[in-house]
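I opened this model to look up its charged pairs first, and then its fold, its surface and its backbone. The entries below follow the order in which I looked.

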Amino acid sequence: MIFILLILAVVILAVKRKMFEVKRKKRRDYYRNEYLKSDEWQRKRYVVLKRDNWRCVYCGGRATQVHHKRYARKNIGKEPIEWLVSVCKSCHDAQHYK
């Protein structure tokens, strides 16, 4: 009996993990393939770059990208402007590959 419960628990955990991974991939794909190409993102990106005077907040160089310091977990695209900063490509890469 205990063996069956143990197997059942392992199966449930595996199913939950798989469902989490599927949802995560779906959110990531939406973010990359739709949201970052939207007019809404382009407007928000412009506001952030203008706010930071087109300067990288890390090195002071010319900013060409916007970095999310945090992500809105459930409401992609609803992150406040305060969570976004202007960055140059090298600093952006450094932030993601620490």
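I began with the term itself: I count a salt bridge where a side-chain nitrogen of Lys or Arg lies within 4 Å of a carboxyl oxygen of Asp or Glu. The model is predicted, so I took local features only at pLDDT of at least 70 and side-chain atom pairs only at pLDDT 80 or more, while totals for chains, interfaces and linings use all residues. Residues are numbered from 1 along each chain as its sequence is written, and side-chain values use heavy atoms, with hydrogens and water left out.

**Entry: Lys 44 and Glu 79**

I looked up Lys 44 and found it in a salt bridge with Glu 79, where the closest N and O atoms are 3.1 Å apart. Lys 44 lies in helix H2 (residues 39–51) and Glu 79 in the loop between strand S1 (65–68) and strand S2 (84–87), so this pair ties together parts that are 35 residues apart in sequence. For these elements I used DSSP runs numbered from the N terminus, with helices as H or I of at least four residues and strands as E of at least two.

Are Lys 44 and Glu 79 buried or exposed? Both are buried, on a scale where buried means under 20% relative accessible area, exposed means over 50%, and partly exposed is in between (1.4 Å probe, protein chains only). Lys 44 counts as buried because its relative accessibility is 13%. I then listed the contacts of Lys 44, taking contact as heavy atoms within 4.5 Å: leaving aside residues up to four places away in sequence, Lys 44 touches Tyr 35, Gly 77, Lys 78, Glu 79, Ile 81 and Leu 84.

**Entry: the other charged pairs**

How many salt bridges does a search of the whole structure find? I noted six. Side chains of opposite charge can pair when their charged atoms come close.

Lys 25 and Asp 29 form another salt bridge, at 2.7 Å from N to O; both lie in helix H1, four residues apart, which is about one turn of the helix. I recorded Lys 25 as partly exposed at 43% relative accessibility and Asp 29 as partly exposed at 26%.

**Entry: the fold as a whole**

I counted three helices and two strands in the secondary structure, and from the N terminus on the elements run α-α-β-β-α. The radius of gyration, taken over C-alpha atoms, is compared with a globule rule of 2.2 Å times the number of residues to the power 0.38. The protein has 19 Å, whereas a compact globule of 98 residues would have a value near 13 Å. Along the principal axes, the C-alpha atoms fill a box of roughly 65 × 30 × 20 Å.

Of the 98 residues, 23% count as buried. Among contacts between residues at least 6 apart in sequence, 58% join residues at least 24 apart.

**Entry: the surface**

I looked next for patches, which are made of residues with over 30% relative accessible area and no salt bridge, like charges being joined within 9 Å and nonpolar side chains (Val, Leu, Ile, Met, Phe, Trp, Tyr) within 5 Å. Phe 3, Ile 7, Val 11, Val 15 and Met 19 make a nonpolar surface patch of about 470 Å². Among them, Val 15 is in helix H1 (residues 2–33) and counts as partly exposed, because its relative accessibility is 43%.

**Entry: backbone and confidence**

In the loop between H2 and S1 I checked Asn 53, where phi is near 60°, a positive value in a residue other than glycine. Asn 53 counts as exposed at 56% relative accessibility. Trp 54 is in the loop between H2 and S1 too, with phi near 55°, again positive in a residue other than glycine, and Trp 54 is partly exposed at 35%.

Last, I read the pLDDT, the predictor's confidence in each residue from 0 to 100. The mean is 91, and 99% of the residues reach 70 or more. Confidence is lowest in H1, at a mean of 90, and highest in S2, at 97.

Notes:
Accessible areas come from the Shrake-Rupley method with a 1.4 Å probe; for residues, only the protein chains shown count as cover.
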